[in-house]
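Please look over the structure shown here before reading on.

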Amino acid sequence: MNCMMLHGLGQTASSWDKTAAGMQDGFTVICPEMSDWLRGKAPCYESLYRGMEQACERLEGPIYLCGLSLGGMLALQYGTEHPEKVKALALIGVQYATPRGLMRLQNMAFRLMPRSVFQQMGWEKSDLIALCRSMISLDFSENLDKIRCPTLILCGDGDKANRPAALRLSERIEKAKLDWIPQAGHEVNRDHPAALSRKLQAFFSQANRL
């Protein structure tokens with residue numbers, strides 16, 4: 001069973017290492033380096049999504065898809081466009097419509113950061129700023145009813161910025177379950193990977209039996 005984990009903006013594939021290590025036998029965990037999907041392409045959300053879409057299509061059978069923040073938005077969109085391909089969906093700290101004010105503040109912060117910080121994450125500074133700019137108008141609210149698979153909505157109990165969106169997602173996706181990760185902020189895979197592993201393992205195992 002293939003389980004793909006998509007990291008957040010400002011993270012790398014290694015951000016999933018401890019979470020993936022806690023997953024038991026039966027799941028093949030795939031943690032792609034999302035910046036690789038933009039090699040030679042325009043640095044925008046559409047290019048990133050198409051790269052993710054192609055990576056998913058190369059995997060056999062229905063997949064178990066998990067994403068945090070930006071990775072969660074990619075997973076959410078894929079779930080609406082390819083419901084037949086997704087066995088179960090886990091969305092962590094995810095917004096289904098870009099909060100424009102927060103995105104503009106993040107872009108301003110990125111402009112002040114040295115280039116070396118972005119290179120450590122596998123990005124060029126200009127590419128990441130362009131990617132953020134391309135996400136300003138994202139809004140999947142009209143397509144949430146297209147998600148047919150069991151869906152787990154997760155959020156760190158300290159992630160105040162994303163708690164309202166988690167609640168709304170759990171209400172608008174038909175087969176959604178809402179849960180919280182205690183003592184965790186937005187980056188749950190870094191703050192509390194052991195608890196995250198346990199919840200993902202239990203949810204995906206249950207979905208596999210359906």
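The points below go from the overall fold to one strand residue and then to the salt bridges.

1. The model is a predicted one, and its protein chain is made up of 9 helices and 6 strands. The radius of gyration of the chain is 16 Å, close to the 17 Å given by the globule rule for 210 residues, so the chain is as compact as a globular protein of that length. Taken along the principal axes, the C-alpha atoms fill a box of roughly 50 × 35 × 35 Å.

2. The chain exposes about 9600 Å², of which carbon and sulfur atoms supply 49%.

3. The protein chain carries 25 positive and 22 negative side chains, and the centres of these two sets lie 3 Å apart.

4. Although K87 and C149 are 62 residues apart along the chain, their C-alpha atoms are separated by 5.9 Å. Leaving aside neighbours within four places in sequence, the residues in contact with K87 include P62, I63 and Y64, as well as C149, P150 and L210.

5. How many salt bridges does the structure hold? There are 6 salt bridges in the structure, and one of them joins D36 to R39, with the closest N and O atoms 3.4 Å apart. D36 is partly exposed at a relative accessible area of 41%, whereas R39, at 53%, counts as exposed.

6. Another salt bridge pairs R148 with E174, where the closest N and O atoms are 3.8 Å apart. R148 lies in the loop between α6 (125-134) and β5 (151-156), while E174 lies in the loop between α7 (163-172) and β6 (176-181), so the pair ties together parts that are 26 residues apart in sequence. E174 is exposed, with a relative accessible area of 62%.

7. R190 and E187 also form a salt bridge, with their closest N and O atoms 2.8 Å apart; R190 is partly exposed at 44% relative accessible area, and E187 is likewise partly exposed, at 27%. Finally, E46, R50 and E53 are linked in a network of salt bridges.

Terms used:
Residues numbered from 1 in each chain as written. Predicted model: local features only at pLDDT ≥ 70, side-chain atom pairs only at ≥ 80, totals over all residues. Heavy atoms only, no water. Helix = DSSP H or I, 4+ residues; strand = E, 2+ residues; numbered from the N terminus. Rg over C-alpha atoms; globule rule 2.2 N^0.38 Å. Areas by Shrake-Rupley, 256 points an atom, 1.4 Å probe, with all protein chains shown as cover. Lys, Arg positive; Asp, Glu negative; His and termini not counted. Charge placed at Lys NZ, Arg CZ, Asp CG, Glu CD. Contact = heavy atoms within 4.5 Å. Salt bridge = Lys/Arg side-chain N within 4 Å of Asp/Glu carboxyl O. Buried < 20%, exposed > 50% of the residue type's maximum accessible area, 1.4 Å probe, protein only.
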